[in-house]
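Please keep the viewer at hand as you read.

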Amino acid sequence: KMERIDPKESAKLREMIEKAIADDIITREEYETILQQAMKDGHIDRVEQALLAELNQLIQDRIVRFKKG
């Protein structure tokens, strides 16, 4: 069975992530909102998974940091 991939949803997710990390800082709120967007249609598809993995890698590598406070 083919996986449902909604290009509009992944584009929106990508946009949210890019906006959130533009200043190399992400807030907990932004992170939560990004996760909610990914889960919006009830599942995380391959594209969304890749975007989230990329985001988490940036956070792990401290290229993007969580805003304190």
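Asp24 sits in the loop that runs between α1 and β1 (25-26). In this predicted model, the phi angle of Asp24 is near 65°, a positive value in a residue that is not glycine. Is Asp24 buried, partly exposed or exposed? Its relative accessibility is 42%, so Asp24 counts as partly exposed; the cut-offs here are under 20% for buried and over 50% for exposed.

Arg62 can be read alongside it. This residue belongs to the loop between α3 and β2, and its phi is near 60°, again a positive value in a residue other than glycine. With a relative accessible area of 56%, Arg62 is exposed.

## How α1 and α2 pack

Two packed helices are described by the angle between their axes and the distance between those axes. For helix α1 (residues 7-21) and helix α2 (residues 28-39), the angle is about 170° and the axes are 10 Å apart. That makes α1 roughly antiparallel to α2, because an angle over 145 degrees counts as such.

Which residues bring the two helices into contact? On the α1 side they are Glu9, Lys12, Leu13, Met16, Ile17 and Ala20, and they meet Glu30, Thr33, Ile34, Gln37 and Ala38 of α2. Sorted by type, the residues of this contact are six nonpolar, two polar and three charged.

## Gln37 and Glu48

Gln37 is one of the α2 residues in that contact. At 5% relative accessibility, Gln37 counts as buried. Apart from neighbours within four places in sequence, Gln37 is in contact with Glu9, Lys12, Leu13, Met16 and Glu48. For a sense of spacing, Gln37 and Lys19 lie 18 residues apart in sequence, and their C-alpha atoms are 14 Å apart in space.

The Glu48 in that list belongs to helix α3. Is Glu48 buried or exposed? Its relative accessibility is 1%, so Glu48 counts as buried. Not counting residues up to four places away in sequence, Glu48 touches Glu9, Ser10, Leu13, Gln37, Ala38, Asp41 and His43. Glu9 and Leu13 therefore turn up in a contact list with Gln37 as well as in the one for Glu48, and both residues are part of the α1 side of the helix contact, where α1 is roughly antiparallel to α2.

## The nonpolar core

The largest nonpolar core holds 14 residues. Those that touch the most other members are Leu13, Ile17, Ile26, Tyr31, Ile34, Leu55 and Ile59. Helices α1, α2 and α3 (46-60) each supply at least two residues of this core.

Leaving aside neighbours within four places in sequence, Ile26 is in contact with Ala20, Tyr31, Ile34, Leu55, Ile59, Val64, Arg65, Phe66 and Lys67.

## One aromatic pair

How many aromatic pairs does the model contain? The count comes to one. Tyr31 and Phe66 form this pair, which is edge-to-face, with 5.4 Å from centre to centre and 75° between the planes. Tyr31 is in helix α2 and Phe66 in strand β2 (residues 65-66), so the pair links distant parts of the chain, 35 residues apart. Both Tyr31 and Phe66 are buried, and both are among the contacts of Ile26.

Notes: Residues numbered from 1 in each chain as written. Predicted model: local features only at pLDDT ≥ 70, side-chain atom pairs only at ≥ 80, totals over all residues. Heavy atoms only, no water. Axes fitted to C-alpha atoms, helices over the stretch in contact; angles between N-to-C directions. Helix = DSSP H or I, 4+ residues; strand = E, 2+ residues; numbered from the N terminus. Parallel < 35°, antiparallel > 145°, perpendicular 65-115°, else oblique. Contact = heavy atoms within 4.5 Å. Nonpolar A, V, L, I, M, F, W, Y, C, P; charged D, E, K, R; others polar. Core = buried A, V, L, I, M, F, W, Y, C linked by side-chain atoms within 4.5 Å. Buried < 20%, exposed > 50% of the residue type's maximum accessible area, 1.4 Å probe, protein only. Phe/Tyr/Trp six-rings, centres within 6.5 Å; stacked < 30°, edge-to-face > 60°.
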